[in-house]
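Hello,

Here is the structure you are taking over. My notes on it follow below.

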Amino acid sequence: MHELPAVENLIRTLDEETEARNISRIKAIHIVIGELSSYVGECVQTYFDLLSQGHSCEDARLYFRHVAARFKCTSCGHEFDHDRDFTCPLCGGDGKLVPGTGKEFLVEKLETD
Ligand SMILES: [Zn+2]
């Protein structure tokens, strides 16, 4: 459900972008989703199909890339991807979530006409 405002936002941003850059049509959109964002690609796709009608991004293909949250070791400062484990792979120290990571919902690439 919470994908709805995110998709509305996305389409609004794409409309502004296509207008500013004189793009007639968007063919594909590559989206990054953080593992902690709780956005589900299929839900994003469903809302997108409904809401993109009549917009510059109508019928665009969506590609999703999932990214892990990042952790930083409290002992040695090493940064690592969260992999079911909060323990530093270098020294075994405790990892702490790097704020903002894993919560991404953003466009990393557009394919346009
Ligand atoms: Zn460490």
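**Notes on the model**

At 61% relative accessibility, Asp59 counts as exposed. Asp59 is not a glycine, yet has a positive phi of about 65°, and its place is the loop between H2 and E2. Please keep in mind throughout that this is a predicted model.

A second residue of this kind is Ser38, also not a glycine, with a positive phi of about 60°. Ser38 sits in the loop between E1 and H2. With a relative accessible area of 45%, Ser38 is partly exposed, because the exposed class begins over 50%.

**The zinc site**

Which residues coordinate the zinc ion? The donors are the SG atoms of Cys73, Cys76, Cys88 and Cys91, at 2.3 to 2.4 Å. The angles among the four donor atoms run from 101 to 116°, and the site is tetrahedral. That assignment follows because four donors count as tetrahedral if all angles lie between 85 and 135 degrees. Along the sequence, the donor residues follow the spacing C-x2-C-x11-C-x2-C.

Cys76 belongs to the loop between strand E3 (70–73) and strand E4 (79–81), and Cys88 to the loop between E4 and strand E5 (95–97), so this pair ties together parts that are 12 residues apart in sequence. What is the burial class of each of these two, buried or partly exposed? Cys76 is partly exposed, with 42% relative accessible area, whereas Cys88 is buried at 4% relative accessibility.

**The aromatic rings**

Searching the whole structure gives three aromatic pairs. One of them is Phe71 with Phe80, which is stacked, with 6.3 Å centre to centre and 25° between the planes. Phe71 and Phe80 are both buried.

Phe71 also pairs with Phe86, and this pair is edge-to-face: the centres are 5.2 Å apart and the planes make 65°. Phe71 lies in strand E3 and Phe86 in the loop between E4 and E5, so the pair ties together parts that are 15 residues apart in sequence. The relative accessible area of Phe71 is 6%, which is buried, while Phe86, at 47%, is partly exposed. Through ring pairs, Phe71, Phe80 and Phe86 are linked into a cluster.

**The sheet and the helices**

What is the strand order in the open sheet of three strands? The order is E2-E1-E6, and the pairing is mixed. Strand E2 (61–67) and strand E6 (105–112) are the edge strands, each pairing on one side only. From one strand to the next, the twist averages 20°.

Strand E1 (residues 26–34) pairs with E6 in the antiparallel sense, over seven bridges. Within this part of the sheet, Ile26 is opposite Thr112 in E6.

Two helices are to be noted here. Helix H1 (residues 3–21) lies across E1 and E6 and runs at about 40° to E6. Helix H2 (residues 41–51) packs on the sheet and touches E1, E2 and E6, with its direction at about 155° to that of E2.

Regards

Conventions. Residues numbered from 1 in each chain as written. Predicted model: local features only at pLDDT ≥ 70, side-chain atom pairs only at ≥ 80, totals over all residues. Heavy atoms only, no water. Donors = N, O, S within 2.8 Å, 3.2 Å for Na, K, Ca; no water. Tetrahedral: all angles 85-135°; square planar, octahedral: opposite > 155°, others 65-115°. Helix = DSSP H or I, 4+ residues; strand = E, 2+ residues; numbered from the N terminus. Buried < 20%, exposed > 50% of the residue type's maximum accessible area, 1.4 Å probe, protein only. Phe/Tyr/Trp six-rings, centres within 6.5 Å; stacked < 30°, edge-to-face > 60°. Pairing = 2+ DSSP bridges. Axes fitted to C-alpha atoms, helices over the stretch in contact; angles between N-to-C directions. Contact = heavy atoms within 4.5 Å.
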